[in-house]
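Here's a quick briefing on how a few pieces of this structure pack together.

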Amino acid sequence: MDKKIIFRAENMKKYFGATHANDNVSIALPKGHIRGLIGENGSGKSTLISMIAGIREKDSGTMYLNGKSYEPKNSLDAGKNGIGTVVQELGLVDGLPVGMNLFLGRTEKFEKMRILDINALYKKAEAVFKEWGFSDISVKQLTGTLSVEQKKVVELVRALSFHPDLLILDEITQALSLNNREKLIGIISQLKKRGKAILLVTHDIEEMVAITDVITIMRDGKIVAERDSDKTTPDEIKRLMVGRDLNGTYYREDKEPSYGEEIKLSAVQLCEEHFHNISFELHKGEILGICGLSDSGIHELAEALFAVRKIDSGCVKLPKKNITINTPKQAMDMNMGYVPKDRDKQALMVNDSIENNVSLAAVELVKEHFGFLSPGKRSELSGKVIERLMIKTKGPNQIISGLSGGNRQKVNLGRWIVQNKDILILDCPTRGVDIGVKSYIYEMMIDSKKRGISIVLISDELPEIIGMCDRLMIMKDGEVVKTLERSTGLTEEAIIEVMI
Amino acid sequence: MRRKKLTSLFAIGLSMVMMLTACGSSGTASGTAGDEADASTVQTGSGQEETGNEAEESDNEGSDTTYTIGFNNYLKGIYSLDILEKNFLTTCEALGVEPMVVNDEGKVENCVTNVDNMIAAGVDGIVFFGISDTLFPVVAQKCEEAGIPYAFFDHMPSDDILSQIQGNENYAGIAATVDTYTGNNIGEYAAEAGLKKAIVVTGETTDTTHSARTNGFKEKFEAAGGKVLAEGYGTVTISDAMQRANDLLTAHPDVDCVYATNGDVGVATIEALAKHPEVNAKLYVTDLDPDILTGLEEGTIAAANGAHWVNIDYATALLVNKLNGHGITNEDGTPARLVVPVMTLPNNYVDLYNSQWIEKSPYSTEEIQSLVGNDISIDDFNAMLEDYTIENRLQAKLDAGEITQEEFDAAKDK
Amino acid sequence: MKKNIWINLQRIFPFMGLIVIILIFTIISGDKLWTKNNLLSIINTAIPICLGGAGMIFVATQGSTDMSMGSLLALAGTLGGLASIRTGLAGFITISLLVGLLCGIFNGYLLAYLKVESLMVTLAMLIALRAIVSFITNGQAVFVDSRIIGLNRIGIKLPVFLVLILAMWYIFTYTKIGFYSRCIGENQEVGRFSGINIRKYKILAFTLSGLMAGFVSIFTVGKIGGVSPNMGNFFELQVMTAMFVGGVPVTGGSESKYYKMITGALMLAFLQNGLTISLVSAEIAELIQGVILLVVVFLEIFVRNRFIQGELAKEV
Amino acid sequence: MSNRRKNHILTALGKGQAQVLLKQRITTVILLVAIYIIMNVISQGRFITKSNMLAVLSNSVVNAFVVLGFCFIFSMGIIDLSIGAIMILAGNIGGILAVNIGLGYAGLIIGCIASAVVLEVLNLKLVLVTKIPAWIFGLGIAMVYEAIGSIYNVSQIAKGLQVVSLQNSYRGLGEAPANIIVLFIGIIAAYLIFNHSKVGLGLRAVGSNKEVAGMMGINISGSIIQAGLVGGIFLGVASAVNQSYAGRVVPTTGLNSIATIFIPLAAYLLAITLSKVFNLTIAAAISSFIITSIFNVLTIMGVPSGTWQKVIMGASVVICGILSKRSEKGVVK
């Protein structure tokens with residue numbers, strides 16, 4: 001490594017209680033280098049990043065930036081030192097306009113005698129957005145009114161506005177539309193040319209292999225390997241991450257559609273702001289995939305199927321029982337289950353116990369006479385979930401926030417699985433979970449299918465859709481543009497072409 | 001880090017100081033509590049009501065035993081109620097009894113709870129202020145059950161209620177002002193002055209004192225051919241009352257009479273009137289507190305009345321007599337019912353009133369003591385009540401050497 | 001061995017404040033605290049707070065605020081009292097409860113359907129309902145039947161109280177209503193995605209709160225011997241103090257436990273009674289009450305953060 | 001909807017935001033003016049007169065300052081219920097300095113502001129250090145402050161006196177035009193601090209999202225203390241004006257001081273709903289004026305005070321709440 005090292009961390013250690021989140025981690029990033037950092041959930045990569053970004057304090061270890069000792073006090077300090085970060089933990093202040101968010105904590109240059117020159121601030125902010133090619137966001141707009149993607153863009157621009165020597169991006173690409181993703185990749189290569197370093201985290205292994213120069217793989221708080229991106233394969237990286245061989249693929253092995261004749265659920269002419277005239281039928285034992293870009297209306301459709309979202313016209317029917325689903329409660333009573341997209345904000349009470357979270361989805365199941373929610377049944381049921389999905393926990397009273405992302409998702413999914421629901425609506429069930437859990441979730445899906453359970457799988461991950469579904473519907477701008485049957489001929493390229 | 005430590009030290013220090021103040025005062029309180037315990041054991045030792053009287057009489061013989069008398073302040077921070085408390089404390093000192101004061105914090109429920117608490121704390125008797133008529137039978141019953149004597153002060157319930165209580169064994173009597181009379185008094189006074197259109201600035205609708213005064217005023221004023229154009233109810237804080245008076249004066253600029261039903265409201269009304277030069281009205285106020293006296297002196301108030309809250313002196317005396325086994329009764333044999341007259345203060349006596357009523361106590365220790373004894377009857381009380389006029393009280397003060405003849409004469413001639 | 005101490009300490013920990021207060025007053029007040037009369041007095045103080053708390057905890061656990069309880073109590077009592085003049089005891093109870101119920105539903109409706117913030121709605125109700133009471137009573141007290149006053153006798157009150165408090169405990173701890181309320185307080189969005197009819201349960205919480213205000217009004221009318229326009233003044237603040245001191249979080253959620261509310265109510269009752277019977281002068285009593293409340297809450301938080309959580313974390 | 005289209009609309013919204021806001025402002029103002037004119041007609045022209053409007057404005061000054069104080073303190077997510085007690089104490093301390101010590105206006109103003117600031121900052125500091133939830137802390141400390149005031153009151157009563165009264169001196173601050181001038185200075189100061197100062201930025205950032213603001217390098221405790229300091233100054237001014245206006249402020253007990261902030265609290269909540277159209281600080285002044293007007297116009301119209309006036313006020317608050325929620329779908333809390 002004869003190139004000049006921009007950033008170096010040595011022997012980083014971090015404990016959470018008894019958990020060794022980072023154990024003697026050392027990493028060095030030279031100039032003009034794009035580094036990928038990958039590992040399962042709980043492998044310690046987020047911890048490492050947050051220590052570099054100044055969000056968490058390290059327990060021990062040393063960091064050097066441009067040869068000098070580097071001890072960030074907070075994210076702002078990191079930025080001032082030349083490390084810009086877009087991290088999951090960090091966000092934006094919803095109650096402030098975009099421009100103020102951009103310069104929050106470093107407004108000194110707009111101040112005179114503690115009075116802020118707001119106009120100068122906005123002008124500067126606008127210039128910064130323009131500089132990086134994101135001029136379509138108004139700097140005076142209240143941040144709370146932005147979409148998730150727009151917020152990520154603001155975060156990215158804020159990180160870039162520090163003119164960082166090291167840019168850290170933690171799972172940002174998933175939130176971006178294809179258009180902005182391309183822009184981002186452009187920015188990354190531009191920075192590389194200018195001799196900056198980039199540290200990139202994503203679960204999309206293919207993407208990572210394509211973009212980065214070197215990939216560092218972490219497991220159990222340690223760095224287990226470093227591989228040059230052009231000399232490695234996604235399979236090797238997967239193996240290194242999990243620490244064992246994953247037998248080939250974890251998707252379905254059959255290549256033919258297979259499902260029963262009976263129609264379990266039919267959607268008739270569903271219309272809403274985000275989608276129009278959606279009709280389809282879901283058969284017994286079928287996995288129906290719905291894919292599209294994030295803003296194509298797929299997530300809204302999922303909400304509408306479970307009646308969480310009010311539709312303007314059309315209806316969701318259960319033909320056999322001749323019932324129209326109007327409320328989520330009715331859907332639950334009719335043996336439907338729903339795994340929403342945002343696990344921590346929509347699905348789970350993160351500050352509550354596993355038991356309560358499981359019971360929440362199964363209130364009718366644990367209810368006895370006089371509305372008695374039997375504690376015995378509740379703990380039995382949650383015990384079942386823990387056992388069946390092999391959730392790593394102290395017990396049913398464990399608070400969700402103490403679980404890793406993968407285990408949280410297991411709770412989220414497991415509470416429906418153990419109830420033997422007829423219909424499952426799964427919205428991005430594998431988002432943000434590591435490969436181990438991912439393959440486990442696929443196993444559960446295949447198992448459910450075998451037992452005749454019908455599944456609607458909503459996802460923007462194409463390999464997953466191709467690998468799992470009997471039929472798949474591709475949505476674009478709120479409309480179904482194409483429906484395909486499962487076959488060997490399905491390729492990502494073909495689907496992408498329709499999607500965009 | 002260091003600053004943080006300093007702040008926490010400061011916080012701890014502060015709470016320590018607070019705790020110390022707290023412990024200090026509770027320490028003294030527990031001291032008196034210990035003293036009281038003796039008295040209460042005597043009391044509880046006497047057991048049943050029948051024997052209770054005998055025990056009390058024997059207490060009386062061994063006159064060194066001090067009684068503890070409970071008193072409820074409905075809401076600390078209201079001047080008139082606080083003055084009642086002050087007079088109670090002076091009377092207790094004069095009569096050699098130990099006071100126990102509770103604060104009902106402006107909650108009706110607490111009036112009852114605190115009677116329970118006082119009984120539990122082992123008081124020998126209770127003088128009770130009933131903010132609501134409904135409280136009288138309830139408190140009477142509680143005291144009867146506990147076997148302790150009780151008297152009422154300041155607020156006079158309806159005759160109906162009183163008759164329910166009068167037969168009770170431990171009931172010592174009542175000394176109160178009738179708020180309706182207070183209002184009547186001003187109403188008549190204003191009507192005599194030839195005033196025709198009035199507004200009333202008053203306190204909360206939920207406070208019977210204020211509504212009774214308002215209604216009393218209205219009754220007499222309208223009977224004499226006047227008209228009450230509006231009544232301004234609301235909180236009694238000066239700023240709120242000022243706003244209220246202001247609005248009322250804007251609405252009715254043609255009034256010639258304004259009645260403010262208590263001291264603070266009166267002060268506020270003076271201010272409001274000053275801001276409405278177009279209104280030409282005479283102001284009448286109930287309650288003789290220092291600010292009102294100033295107003296009288298300056299002529300911004302036409303007249304003010306009040307009883308200077310001496311009713312508590314009488315009520316306490318009634319109770320102590322009862323404790324001594326010598327209940328004061330009316331001529332018909334029922335426990336004493338004393339109506340404390342309202343006096344209207346002409347502005348020439350303001351100075352002397354200030355020095356003799358406000359700064360000192362209206363009654364001397366000897367005078368209060370003269371109300372307690374085995375030979376005292378209702379007539380003695382009534383005689384003293386009849387004597388409760390400005391001139392007679394000042395004469396008494398003169399005789400006692402509290403004021404000089406010159407001062408008295410100067411005031412008379414003003 | 002050491003582990004057990006910490007676990008046991010954690011178990012009695014929520015009651016530590018109560019124990020401390022009882023100990024302080026047992027020492028200061030001498031033997032007066034533990035006399036029969038005084039205990040009855042404490043029970044009498046605690047009963048309305050517990051009952052009010054039993055209703056309000058549903059609202060609090062959803063993260064809302066109910067400021068209107070005191071005024072609502074007064075209105076329920078007043079209308080009930082007026083009704084009782086013609087219809088007697090049965091009418092009194094029915095009307096009181098009905099008024100509580102309907103006002104609760106109204107509060108809930110404004111909150112759930114018209115999306116007005118709970119603090120705003122109930123603050124407006126606090127002012128408006130009290131004004132209506134003033135209007136109805138015209139500032140005067142209203143007398144009621146002696147049988148109604150008799151309802152306040154401990155022989156009747158205590159069993160009714162126990163039944164109610166147990167029923168509410170059951171509803172709060174073991175039924176969907178309580179469970180969903182905790183969920184709404186924890187994360188309303190999760191609740192919506194889990195099929196909870198948020199509006200329904202918000203209205204239900206305020207309804208229960210109103211209904212309990214109705215029950216409290218029945219005893220309050222009995223306690224003060226009739227209807228006084230002033231009754232229930234600041235009752236809501238007392239109930240809130242009890243709940244929050246007991247450890248119910250202001251933001252609601254799964255940490256809202258029924259026993260915390262009861263503990264808080266008892267703490268308040270012992271504190272107020274203890275200060276009075278210890279013959280502390282009234283203004284000092286308020287000072288001490290404030291300081292003790294703050295110190296107790298602080299110690300609870302401090303000890304929990306500093307010792308118990310630390311020890312438990314190490315144990316894992 | 002395509003991404004591009006959505007972005008386009010949002011951009012339009014951003015650029016057109018000023019116009020939309022202006023339109024909303026004009027509508028609101030027209031609506032308010034219309035209501036005032038209707039009220040004036042109903043009250044036969046006695047409502048909108050120069051002297052009456054001046055009186056209403058003058059009467060709303062204290063509430064306006066209290067609400068401005070709330071804007072700084074409550075916006076941090078700290079609902080401090082002891083503010084009523086603080087104001088009573090501050091007023092009395094100011095009064096003592098002005099009259100008993102003989103420092104005059106300087107004593108009154110400095111005494112009020114200094115004590116309000118010290119007590120409020122002390123509150124916030126203790127909340128931060130002890131981590132007691134602000135609600136319960138406010139209740140507890142209100143008892144302490146009330147008791148301190150009450151001890152002073154009792155000592156005065158024992159001497160046959162009442163708590164300090166300004167009598168006829170130093171009353172100018174509470175009267176027009178001085179109080180109205182002070183009000184306008186206050187509103188401008190609040191506006192500048194809230195929108196154009198570092199304190200305001202920190203306050204808004206922390207009030208909206210504590211965690212993120214902290215990670216972005218905003219000193220959270222520092223911001224809270226600074227906001228409390230500014231809020232304390234406004235509360236202090238409110239106490240000074242009130243003391244000068246009323247002459248005497250009597251300490252109360254049993255948490256009755258909390259009742260004194262109910263009306264300003266209603267005005268504050270109203271201001272929050274209006275803040276979608278106006279800047280929060282301006283909205284604070286407007287809503288205090290509206291609430292004062294309600295009582296004024298109802299009195300003029302002969303609506304019984306204490307009963308129906310309060311019912312109507314309660315109803316107006318709720319209706320304003322409903323209207324503001326109808327105009328915007330997003331729920332703030």
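Taken over C-alpha atoms, the centres of domain 2 and domain 3 of chain A sit 25 Å apart. Keep in mind that this is a predicted model.

**Domains of chain A**

- On the domain 2–domain 3 contact of chain A, domain 2 puts in 12 residues and domain 3 puts in nine residues.
- The top contributor on the domain 2 side is helix α16 of chain A (residues 435-450), which supplies five residues.
- Sorted by class, that domain 2 side of chain A facing domain 3 comes out as six nonpolar, three polar and three charged residues.
- As for where the pieces lie, chain A splits into domain 1 (5-242), domain 2 (249-335 + 421-500) and domain 3 (347-419).

**Helix crossing in chain D**

- Helix α3 (residues 83-100) and helix α9 (residues 220-246) of chain D have axes that come within 8 Å and cross at roughly 60 degrees.
- That angle is why α3(D) and α9(D) count as oblique to each other.
- The handedness of the α3(D)/α9(D) crossing is right-handed.
- From α3(D), the contact uses I83(D), I86(D), M87(D), A90(D), G91(D), G94(D) and G95(D).
- From α9(D), the partners are L235(D), G236(D), A238(D), S239(D), A240(D), N242(D) and Q243(D).
- By class, the α3(D)–α9(D) contact has seven nonpolar and seven polar residues, with no charged residues.

How values were computed:
Residues are numbered from 1 along each chain as its sequence is written. Chains are lettered from A and ligands numbered from 1 in the order in which they are written. This is a predicted model: local features need pLDDT of at least 70, side-chain atom pairs count only at pLDDT 80 or more; totals for chains, interfaces and linings use all residues. Axes are lines fitted to C-alpha atoms, for helices over the stretch in contact, and angles run from 0 to 180 degrees between N-to-C directions. Helices (H or I, at least four residues) and strands (E, at least two) are DSSP runs, numbered from the N terminus. Angles under 35 degrees count as roughly parallel, over 145 as roughly antiparallel, 65 to 115 as roughly perpendicular and the rest as oblique. A crossing is left-handed if the near helix is turned anticlockwise from the far one by less than a right angle, and right-handed if clockwise. Two residues are in contact if their C-beta atoms, placed from the backbone, lie within 7 Å. Ala, Val, Leu, Ile, Met, Phe, Trp, Tyr, Cys and Pro count as nonpolar, Asp, Glu, Lys and Arg as charged, and the others, Gly among them, as polar. Domain bounds come from an automatic or database domain assignment.
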